[in-house]
Amino acid sequence: MEACSLARTIGLWSLPIHPRMFFSTVFRVLPKLLGLPPSLMKKFLKIKHEHIHPPHMEIEVGGSPELPHELLVDIFALLEIPDLKRASSVCSSWRSAYTSLCNLGLYKRPQTPCLLYTSESAGESVAFLYSLAEKRSYKLTLPDPPMHTRYLIGSTNGWLVTADERSEMHLLNPITCQQIALPSVITIEHVTPIFDEAGALSKYHYSRHTGSPRLSRFCSFQPSILALAELRSYLHEKAFVFYDASAGGHIVVLIHGPDGQLSFARLGDDKWTWLPQHSYFHDCIYKDGLLYAVTSQGKILAFNLRGPVVTTELIMDITKDFAYENIYIAQAPCGGLLQVWRTEEDSEYVEDADPATYLTNTTNIKIFKFDTTSEKLVGIDSLDDHVLLLGRNQTLCLSVEEYPHLKANHAYFTDDCLLYLFGWKNNRRDIGIYDFANNTCEELVSPQLWPNWPNPIWITPSLTRL
């Protein structure tokens with residue numbers, strides 16, 4: 001990252017919030033706490049400012065205000081996580097209020113999504129959050145293995161799913177720094193370990209078989225011998241972390257090669273469970289106790305993972321013969337299902353040109369609602385007061401009433417083309433905002449703050465611990 005962009009970042013834990021900044025925050029949230037009309041609070045603020053703190057006066061940093069613990073907790077519950085983390089570093093009483101808020105599970109404020117990215121010049125274990133709410137970046141120092149060496153293969157509810165240089169997967173919360181190792185990659189159906197003479201893991205045997213008899217007639221099952229870091233370029237595609245309320249635990253779902261198959265593991269499992277018979281999945285959501293997955297042909301399947309035997313139901317059959325778009329699935333504002341088709345255009349091929357010059361750009365995004373009566377897709381022209389987040393993250397459809405810093409009737413997208421993400425790592429990322437009203441795209445930030453690798457990914461900051 002360039003020095004000028006680093007100058008715009010703020011260390012999330014290294015910069016305490018100034019008392020004057022806190023007083024400003026207090027008066028912003030007091031109307032919500034006390035039910036006062038904003039006009040009255042503006043008048044009150046003006047009077048208090050003129051009477052107590054003339055413009056030439058400064059508040060000493062050491063003179064932190066003493067507020068009742070309960071009031072601090074109520075105020076902190078209304079802050080975005082970056083402000084909350086800075087407030088917690090001011091003094092012991094504020095830290096205590098922050099700890100109480102987290103331990104009691106009282107912090108439920110919806111968080112504006114951020115773009116997580118890395119910068120090699122800032123250190124291999126450093127990442128940054130670009131806040132869509134504040135239009136600036138925050139610096140994070142994360143645990144090993146170094147973030148710059150990982151593949152970012154998923155993001156759900158504040159948790160990243162990463163693949164390290166041995167192709168092993170971890171869950172990581174970049175805010176709390178909690179990290180959880182997932183079952184070893186050698187427990188996935190298509191991976192077998194290869195050990196050297198000393199008994200150390202040296203390579204992987206990667207099988208390309210599928211569970212579909214129909215596909216078996218057309219696919220080559222010639223296996224590959226892959227280096228430890230090489231496997232992740234072939235196996236890992238997209239991952240999710242879902243909470244199963246009935247089981248009281250979390251489920252990690254992995255879309256993986258060959259051919260976009262599905263495997264899952266519950267936290268605490270020692271192996272992955274393969275879901276055979278189906279392939280070419282693009283996206284998943286977990287809703288009402290069922291895993292819904294959409295294929296590249298628009299087919300939707302529902303998997304019940306709760307019983308001793310996984311059951312499968314066809315929700316909608318294929319809608320197209322060929323996949324020209326990336327396809328996503330999300331929960332509709334009214335509670336149904338949405339399908340989103342994103343069309344990307346590649347730059348023209350030039351013989352002997354540097355592969356880094358090949359670019360992909362989002363040109364069109366279409367939205368469809370699944371009609372349960374006709375079991376067909378119905379086109380939608382507008383999201384009205386909602387917004388989409390598309391990429392290697394869990395696909396989200398959010399209300400701007402809850403997330404006022406986002407643009408209504410827009411889609412925020414990041415690059416998730418596998419060829420560009422895991423193959424051509426030096427190519428510029430396709431990141432921007434799509435306007436459904438006029439079918440145009442704009443840059444999220446210009447010039448871009450992030451390097452091309454690892455791929456930037458949307459994340460909704462969370463203080464949740466698993």
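# Learning to read this predicted model

User: At 10% relative accessibility, does L449 count as buried or exposed?

Analyst: L449 counts as buried, because its relative accessibility is 10%. Buried means under 20% relative accessible area, exposed means over 50%, and partly exposed lies in between, with a 1.4 Å probe and protein chains only. This is a predicted model, where local features need pLDDT of at least 70 and side-chain atom pairs count only at pLDDT 80 or more, while totals for chains, interfaces and linings use all residues. Residues are numbered from 1 along each chain as its sequence is written, and side-chain values use heavy atoms, with hydrogens and water left out.

User: Where is L449 placed, and how far is its C-alpha atom from that of T118?

Analyst: L449 sits in the loop between β28 and β29. Its C-alpha atom is 9.7 Å from that of T118, although 331 residues separate the two along the chain.

User: How many helices and strands does the protein have?

Analyst: Helices (H or I, at least four residues) and strands (E, at least two) are DSSP runs, numbered from the N terminus. Here there are nine helices and 29 strands. The protein has 466 residues, of which 49% count as buried.

User: What is the mean pLDDT of the protein?

Analyst: pLDDT is the predictor's confidence in each residue, from 0 to 100. The mean in this protein is 82, and 81% of the residues reach 70 or more. Over residues 1-10 the pLDDT stays under 50, and the model gives this stretch 19 contacts beyond four places in sequence. Residues 13-20 are also below 50, with 25 contacts beyond near neighbours in sequence. Contact here means heavy atoms within 4.5 Å.

User: What share of the contacts with a separation of 6 or more comes from residues 24 or more positions apart?

Analyst: Such pairs account for 53% of those contacts in the protein.

User: Which residues of the largest nonpolar core touch the most other members?

Analyst: A nonpolar core is a set of buried Ala, Val, Leu, Ile, Met, Phe, Trp, Tyr and Cys residues joined through side-chain atoms within 4.5 Å. The largest core here has 29 residues, and F76, L84, L101, L116, L129, M147 and L463 touch the most other members. At least two core residues come from each of α4 (69-76), α5 (81-87), α6 (92-103), β2 (114-118), β3 (126-131) and β29 (457-459). This core lies between domain 1 (67-108) and domain 2 (114-459), because both give residues to it. Those bounds come from an automatic or database domain assignment. Apart from this core lies another, of 25 residues, among them A163, M169, V252 and L254.

User: What does L101 touch beyond four places in sequence?

Analyst: Look around L101 for V73, F76, A77, L84, L106 and Y107.

User: Which side chain makes a polar contact with the side chain of S263?

Analyst: A polar contact is a pair of N or O atoms within 3.5 Å; within protein, one must be able to donate a hydrogen and the other to accept it, and residues adjacent in sequence count only if both atoms are side-chain atoms. For S263 the partner is the side chain of H256, at 2.9 Å. S263 lies in strand β14 (residues 261-266) and counts as buried, because its relative accessibility is 0%. Beyond four places in sequence, S263 touches V252, V253, L254, H256, W272, T273, W274 and L275.

User: Where is V294, and is V294 buried or exposed?

Analyst: V294 belongs to strand β17 (residues 290-295) and is buried at 0% relative accessibility. Its contacts beyond four places in sequence include Y280, F281, I327, I329 and Q339. V294 and Q339 are 45 residues apart in sequence and 8.4 Å apart in space, C-alpha to C-alpha.
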